[in-house]
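The following questions and answers go through one protein model. Each answer works towards the value or name that was asked for.

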Amino acid sequence: MPAHDVTVSAYFAPSGGLPFTDVSRGDWFYEYVAYVYENGLMDGVSETSFAPGTAVTREQFASILYRYAQYKGYDVSAGEDTNILSYTDFASISEYAIEALQWACGEGIITGVSDSALAPQGTTTRAQAAAMLMRFVEGE
């Protein structure tokens, strides 16, 4: 574990094992993964894989923020009337991420990479993540 990280064990104890074969109790990130999984903030990429070393897609990042907003009890109804069908790559949005992207677009947290493309399967760059986090925090 990097020296600057603070362990979550001071305020969170995992209630059980994880279903992921690629996350072990000895991994420096085990408690973090357990926390986000047990609190419904993140799932694995499959039932048995978390893929801790892979990049996060734009739709995954939006889903994480959406689930966090739900977890905190924020109003997430803004996306109910948001039309994301106008993006030419709408069909590439994973089914699980549709509500999250509608909310994130409706709140102005995520915008298209162009006027016509959302790039839901594209990776979230550090700059995009910074912009989305700022918009999320400022909109709370």
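Q: Which residues does Ala119 touch, not counting residues up to four places away in sequence?
A: The model is a predicted one. In it, Ala119 belongs to the loop between H3 and H4. With sequence neighbours up to four places away not counted, the residues that Ala119 touches are Arg58, Asp89 and Val113.

Q: Is Ala119 buried, partly exposed or exposed?
A: Buried requires a relative accessible area under 20%, and exposed requires one over 50%. The relative accessible area of Ala119 is 22%, so the residue falls in between and is partly exposed.

Q: What is the phi of Ala119?
A: Most residues other than glycine have a negative phi. Ala119 is not a glycine, yet its phi is positive, at about 55°.

Q: What phi does the glycine just after H1 take?
A: Helix H1 covers residues 30–38, and its buried residues include Tyr30, Val33, Ala34 and Val36. Just after H1 comes Gly40, with a positive phi of about 75°.

Q: Is Thr57 buried or exposed, and which residues does it touch?
A: Thr57 is located in the loop between H1 and H2. Its relative accessibility is 13%, so Thr57 counts as buried. Leaving out residues up to four places away in sequence, Thr57 touches Pro120, Gln121, Gly122, Thr123 and Thr124.

Q: How many helices and strands does the protein have?
A: Read from the N terminus, the order of elements is α-α-α-α. The count for the protein is therefore four helices and zero strands.

Q: What is the radius of gyration of the protein, and how does it stand against the globule rule?
A: Taken along the principal axes, the C-alpha atoms fill a box of roughly 45 × 30 × 25 Å. For 140 residues the globule rule gives 14 Å, and the protein's value is close to that, so the protein is as compact as a globular protein of that length. The radius of gyration is 16 Å.

Q: What share of the residues of the protein counts as buried?
A: A residue is buried when its relative accessible area is under 20%. Of the 140 residues of the protein, the share that counts as buried is 33%.

Q: What share of contacts joins residues at least 24 apart in sequence?
A: The contacts considered are those between residues at least 6 apart in sequence. Among these, the share that joins residues at least 24 apart is 65%.

Q: Are H2 and H3 roughly parallel or roughly perpendicular?
A: The axes of H2 and H3 lie 8 Å apart, and the angle between the two helices is about 80°. Angles of 65 to 115 degrees count as roughly perpendicular. H2 and H3 are therefore roughly perpendicular.

Q: How do the residues of the contact of H2 with H3 divide into nonpolar, polar and charged?
A: H2 contributes Glu59, Ala62, Ser63, Leu65, Tyr66 and Ala69, and H3 contributes Glu99, Ala100, Leu101, Trp103 and Ala104. By class, these residues come to eight nonpolar, one polar and two charged.

Q: Which residues have the most contacts inside the largest nonpolar core?
A: This core has 21 residues. The elements that give two or more residues to it are H2, H3 and H4. Apart from it lies another core, of eight residues, among them Leu18, Phe20, Ala34 and Phe50. In the largest core, the residues with the most contacts are Leu65, Leu101, Trp103 and Ile109.

Q: Where is Phe136, and which residues does it touch?
A: Phe136 lies in helix H4. Its relative accessibility is 7%, so Phe136 counts as buried. Phe136 and Tyr66 are 70 residues apart in sequence, with their C-alpha atoms 9.6 Å apart. Not counting residues up to four places away, Phe136 touches Leu65, Tyr68, Ala69, Tyr74, Trp103 and Ile109.

Technical notes. Residues are numbered from 1 along each chain as its sequence is written. This is a predicted model: local features need pLDDT of at least 70, side-chain atom pairs count only at pLDDT 80 or more; totals for chains, interfaces and linings use all residues. Side-chain values use heavy atoms; hydrogens and water are left out. A nonpolar core is a set of buried Ala, Val, Leu, Ile, Met, Phe, Trp, Tyr and Cys residues joined through side-chain atoms within 4.5 Å. Buried means under 20% relative accessible area, exposed over 50%, partly exposed in between (1.4 Å probe, protein chains only). Axes are lines fitted to C-alpha atoms, for helices over the stretch in contact, and angles run from 0 to 180 degrees between N-to-C directions. Angles under 35 degrees count as roughly parallel, over 145 as roughly antiparallel, 65 to 115 as roughly perpendicular and the rest as oblique. Contact means heavy atoms within 4.5 Å. Ala, Val, Leu, Ile, Met, Phe, Trp, Tyr, Cys and Pro count as nonpolar, Asp, Glu, Lys and Arg as charged, and the others, Gly among them, as polar. The radius of gyration is taken over C-alpha atoms; the globule rule is 2.2 Å times the number of residues to the power 0.38.
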